[in-house]
Every structure is written in C-alpha cells, then in structure tokens.
Amino acid sequence: MCRSIKTLRPPALPEEATEEEIRAAALQYVRKVSGFRAPAAHNQDVFDRAVDAVAQATQELLAGLEVRGRVRSGGG
C-alpha cells in the first residue's frame, strides 16, 4: 500500500482535487511500482509518460465517480 498517496475523493470531490494533487499521487504511484524515487536518465522518458498516463486515468476516475448524498457541480 502506498501510504504516501493522498486520497483525492471524499471528503474531496473531483472538482476539489487539483491537478497538482493528482500529479503528485500519480508520481508516488509510479515511484512505488517502478521502485525508483528518481529514474536514471535513460528511463526518464518512460517514467514521465507513466506519470502522465496515471494522472490522466486518475482525472477520468475522479470525474466519473458519483458520491451518494452529494450533488455534482457544473454539469449534467
């Protein structure tokens, strides 16, 4: 378990999770999975792409979650 990854859902709502928080969580996840705190230069590109992909998936997840008892703001 990645204890350093902050929970970004309730009490935080998708609208409340900042891009910075999402990126930080993605970075922590990729660090944990890869076993590297900072990748070597020859791994930097794939490491950065993984962080981008995890951040995007996280944004999609948070945007799609429905929290019972809470009204979604800004849309449908």
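Modeller: Start with a definition: helices (H or I, at least four residues) and strands (E, at least two) are DSSP runs, numbered from the N terminus. By that rule, Ala53 is found in helix α2. This is a predicted model, where local features need pLDDT of at least 70, side-chain atom pairs count only at pLDDT 80 or more, and totals for chains, interfaces and linings use all residues. Residues are numbered from 1 along each chain as its sequence is written, and side-chain values use heavy atoms, with hydrogens and water left out.

Colleague: How many helices and strands are in the protein chain?

Modeller: The protein chain has 2 helices and 0 strands.

Colleague: What span does helix α1 reach from its first C-alpha to its last?

Modeller: Helix α1 covers residues 19-34, which is 16 residues. Its end-to-end C-alpha reach is 22 Å, close to the 22 Å expected. Just after α1, Gly35 adopts a positive phi of about 85°.

Colleague: Which residues are buried in α1?

Modeller: Buried means under 20% relative accessible area, exposed over 50%, and partly exposed in between (1.4 Å probe, protein chains only). In α1, the buried residues are Ile22, Ala25, Ala26, Val30 and Arg31. Across the protein chain, buried residues make up 20% of the 76 residues.

Colleague: What do the buried residues of α1 pack against?

Modeller: They pack against α2, residues 44-64. Take Val30, found in helix α1. Val30 is buried, because its relative accessible area is 8%. Set aside neighbours within four places in sequence, and Val30 is in contact with Gly35, Phe47, Ala50, Val51 and Val54.

Colleague: Which residues does Ile22 touch?

Modeller: Ile22 also belongs to helix α1. Its relative accessible area is 4%, so Ile22 is buried. Not counting residues up to four places away, Ile22 touches Leu8, Ala17, Ala55, Thr58, Gln59 and Leu62. Ile22 and Leu62 are 40 residues apart in sequence and 9.7 Å apart in space, C-alpha to C-alpha.

Colleague: What share of contacts in the protein chain join residues at least 24 apart?

Modeller: Count contacts between residues at least 6 apart in sequence. Of these, 58% join residues at least 24 apart.

Colleague: How many salt bridges does the structure hold?

Modeller: A salt bridge is a side-chain nitrogen of Lys or Arg within 4 Å of a carboxyl oxygen of Asp or Glu. The structure holds 2 of them. In one, Arg23 pairs with Asp52, and the closest N and O atoms are 2.4 Å apart. Arg23 lies in helix α1 and Asp52 in helix α2, so the pair ties together parts that are 29 residues apart in sequence. Arg23 is partly exposed, at 35% relative accessible area. Asp52 is partly exposed too, at 42%.

Colleague: Where do Asp45 and Arg49 lie?

Modeller: Both are in helix α2, 4 residues apart, so about one helical turn separates them.

Colleague: How far apart in space are Asp52 and Ala26?

Modeller: Their C-alpha atoms are 7.6 Å apart, though the residues are 26 apart in sequence. For Ala53 and Ala26, 27 residues apart along the chain, the C-alpha separation is 8.4 Å. Ala53 is partly exposed, with a relative accessible area of 47%.

Colleague: How much space lies in the largest pocket?

Modeller: The general idea: rolling a probe the size of a water molecule over the atoms shows where empty space is left. On a 1 Å grid over the protein atoms alone, a pocket is an open set of points where a 1.4 Å probe fits, with protein on both sides within 12 Å along at least five of seven lines; lining residues have an atom within 4 Å of a point. Grid points are joined across faces, edges and corners, and a volume is the space filled by probe spheres set on the points. Here, the largest pocket has about 250 Å³.

Colleague: Which residues lie nearest its centre?

Modeller: Of 13 lining residues, Ile5, Lys6, Leu8, Thr58 and Leu61 lie nearest the centre of the largest pocket. α1 and α2 each supply at least two residues of that lining. The largest share, 4 residues, comes from α2.

Colleague: How many residues of the lining are nonpolar, polar and charged?

Modeller: Ala, Val, Leu, Ile, Met, Phe, Trp, Tyr, Cys and Pro count as nonpolar, Asp, Glu, Lys and Arg as charged, and the others, Gly among them, as polar. The lining of the largest pocket divides into 9 nonpolar, 2 polar and 2 charged residues.

Terms used. The expected span of a helix is 1.5 Å times one less than its number of residues. Contact means heavy atoms within 4.5 Å.
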